[in-house]
Each structure stands twice: as C-alpha cells, then as structure tokens.
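Please keep the sequence and the structure in view while reading.

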Amino acid sequence: MNSLTDAGDRGDRGDILIVDDTPDNLRLLSAMLGRHQLGVRKALTGQWAIAAAQVAPPDLILLDIKMPEMSGYEVCERLKADPATQAIPIIFISALDDAIDKVKAFAAGGADYITKPFQEAEVLARIAHQLNLRRLQGQLVAQNEELVRSNRELEQFASVVSHDLQQPLQSILGYTKLIGLACPDIAKSPAQPYLENILDASGRMQQMIQDWLAYAQAGQAQPLMAPVDGNALLDQVQLNLKVALTETGAELVYGDLPRVMGNDVQLMQLFQNLISNALKFTRPDTRPEITISVEPLPQSWRFGIHDNGIGISAEHLGQIFEAFHRLHDAQTYPGSGIGLATCQKIVEHHGGRIWAESQLGQGTTFYVILPAIPDSDG
C-alpha cells in the first residue's frame, strides 16, 4: 500500500481537518496523524469546521457525529451543498455502530465510517484510501479538461485549414477546366488522361475538405434547438440527393414523420449522410431500397433507416463511427470515412443515440433516437 505521505493531495503532507467536540479525541487523532507526517487542523464545533473548510478546503475531513448545536450529519450536508467544499471526502467518526447510523452517514454524503474506539491501523488505512482516491480524481479532472481543450483546438485547426485549402483547390479545378476549353485539341492528345486524373483527384479532395468542415462544425458550440418538421426535412434531403437517387434508381420510402426538437441544419446533414451511405454501399445488380421507419418512445422518437445494401460484418459494427475508419478501399466505395463519425457527433449533441444493426450481404439499419418536442404544459 502507498504510504500516507505519497497519498497526499498537497505536496508531501496532506491536509486533514479533524472535527470533534471532545479535546481528548482531537489530541489523540492529531498525534496519530502527525506521526505519519500528515498536516492536521482541528475544529471543536461544526460551525468552525464549515468556516475552516470554506476558507481553505482540506484534502480530507474526519467528522464526529454527536456534537452540540450542529450534528456531524448536518455539517456534512452543508459542506456537500457548497460547490467550494462538496468534493472534499468526509470520513465519519463515531461511537455509534448501528447500521442505521452508518446508512444515515452515507446518505448525508460521507465517504467512509470509522467506529470509536479508534484502531490506528484502520484509521490510517481508510485515510490513505480516501487521499489516494482524491488524488486520482484530481488527475482525472485535469486530464479531461486537457482532452476537451485539445479536441477544441484540433477542431478549430481542422476548420481553419479546410477553409484555407478550398481556395487553392478551386483554382486547380478552374484552371484545369480552362485548359480543356482553351485547347480543345487536348481531348485527343496523350495529355487528356492526366487532366482527367487532376479533376478526379481534386474532386475527391474537395469532398474530403467538405466532410472535414462538417465534422469540425458538428463538434463546436451547442447548436440552437427548435421544433423541426420531419416531413419537410426529408423533402429537402431528397432534393439535395436528387441526382444520386436518380442515377442509382433508388426507391426511398417513408410515411408521415414526426416533429422533433433539434437543429434543422445538423439534422438535415444527419439524414443526408445516412441516406447517402445507403446509396453508396449497394449490391451489384440490385436496385437500392431505403425505408425510413419511426417509432414513438417516452419523450423521444426512434428513427430507422433500412437499406438492402452490402451490409456490415459483426466484427466491424463497433468501428463504423470512428473518424477515418474505412471498411473498403476508396476506389470501390469512395468517401472520406468521416460521414458516420459526423452523424454520431450530431446525435450526441442532440442528447440522442445512434447505432447500427446489419447482416452481411442483406443490408443495414441505422437507428437514431432524437428528442420529441416537450408538451406545452412542460
């Protein structure tokens, strides 16, 4: 077991606040902890303890239950109600050994319970455990904050870079087309395949940049939410995908769709990505069939986007929402590998859930849960 010195959250001493209305108990615990190089503060009343914790929050509080004016339960509840002190672990110390007393202590917010008379080894072990937990929690909070910051910076960087790349890419596309218009004889020359390769590669790069932008924007500030008409949304998605639907001869079937609470731009992107996915991963010589179903749930709606495409093997289902994860080569099924990751971000920002069920060679269903519009009475 780590030593108490190592378990401390502040340098090599730690900071323990002992709260007990009996001076002998304070001296006993203070001497015990002092022998193990722990910093100790003392308070004879609950009011003093609350004031001391608010001025300089300790790493841990040892709190007696039976005290005049204010019990340990009340002290604990007040400390846990204050954002400045609610994270401090509290170990109750008491001669009360009944299960009801212990349950009440934990219900008030206590982290542990020590019964009087004290056994030094037990007291030290429980303190070491709580201090170590506090240290680990502090590290986890710091790491999460750093991760959030890094992700935000990465998304901003991706957005800026993508914007900056679009202008020179447009120039490449424009000048390549101008070469073909200015030099019509080039269509019959050996240079024509090279121009076609430039146009093809530039088109793929343009699509990747647009996907990058969509992914970065989906991870930015919480979108403005408002009631969205599902029927109007799908009508617009069909218009956006009219060329792809016509070229593939796909059949898109859906009935009356509900109104949901969400951001219309992001929800349009969500359904457009999922339907585009179904149009892309089709079986040879099979007409694409896409059906959208909807089912009411408590305070939400579950949408299902069903297709008859190539399907996804069971071992790959858990990876399809990872950014840049591709199951097929770009020549066979073009794409950037960002579409489904963007869908997941959008759904999560709406407080929903997305997952897929599939059978290889028969088709895939993507399920999406989105919030319903709250009742007018709240």
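Strand 4, residues 90-94, and strand 5 pair in the parallel sense, and 4 bridges join them. Strands pair here if DSSP finds at least two bridges between them. Helices (H or I, at least four residues) and strands (E, at least two) are DSSP runs, numbered from the N terminus. Within this pair, phenylalanine 92 stands opposite tyrosine 113 of strand 5.

The model is predicted: local features need pLDDT of at least 70, side-chain atom pairs count only at pLDDT 80 or more, and totals for chains, interfaces and linings use all residues. Residues are numbered from 1 along each chain as its sequence is written, and side-chain values use heavy atoms, with hydrogens and water left out.

Axes are lines fitted to C-alpha atoms, for helices over the stretch in contact, and angles run from 0 to 180 degrees between N-to-C directions.

Another open sheet has 5 strands in the order 7-9-10-12-11, and its pairing is mixed. Strand 7 (251-254) and strand 11 (353-359) are the edge strands, each pairing on one side only. The twist in this sheet averages 15° from one strand to the next.

Strand 9 (residues 289-297) and strand 10 (residues 300-307) are antiparallel partners over 8 bridges. Across this pair, glutamate 295 stands opposite arginine 302 of strand 10, and threonine 291 has histidine 306 of strand 10 as its bridge partner. The two strands form a hairpin with 2 residues between them, and glutamine 299 in this hairpin takes a positive phi near 65°. Strand 10 also pairs in the antiparallel sense with strand 12 (residues 363-371), over 7 bridges. There, phenylalanine 303 stands opposite valine 368 of strand 12.

**Backbone positions in loops**

Most residues other than glycine have a negative phi, and most peptide bonds are trans.

| Residue | Phi |
|---|---|
| Glutamate 69 | near 70° |
| Aspartate 285 | about 60° |

Glutamate 69 lies in the loop between strand 3 and helix 4 (72-81). Is glutamate 69 buried or exposed? Glutamate 69 counts as exposed because its relative accessibility is 80%. Buried means under 20% relative accessible area, exposed over 50%, and partly exposed in between (1.4 Å probe, protein chains only). Aspartate 285 is in the loop between helix 10 (264-280) and strand 9; at 85% relative accessibility, aspartate 285 is likewise exposed.

A cis peptide bond joins lysine 116 and proline 117, with omega about -5°. Proline 117 sits in the loop between strand 5 and helix 6.

**Helix 6**

Leucine 178 has its place in helix 6 (residues 120-182). With a relative accessible area of 46%, leucine 178 is partly exposed. Tyr175, Leu178 and Leu181 make a nonpolar surface patch of about 380 Å². Patches are made of residues with over 30% relative accessible area and no salt bridge: like charges are joined within 9 Å, and nonpolar side chains (Val, Leu, Ile, Met, Phe, Trp, Tyr) within 5 Å. A salt bridge is a side-chain nitrogen of Lys or Arg within 4 Å of a carboxyl oxygen of Asp or Glu. Accessible areas come from the Shrake-Rupley method with a 1.4 Å probe; for residues, only the protein chains shown count as cover.

Arginine 135 is also found in helix 6 and is partly exposed, at a relative accessible area of 22%. Arginine 135 and aspartate 59 are 76 residues apart in sequence and 9.1 Å apart in space, C-alpha to C-alpha.
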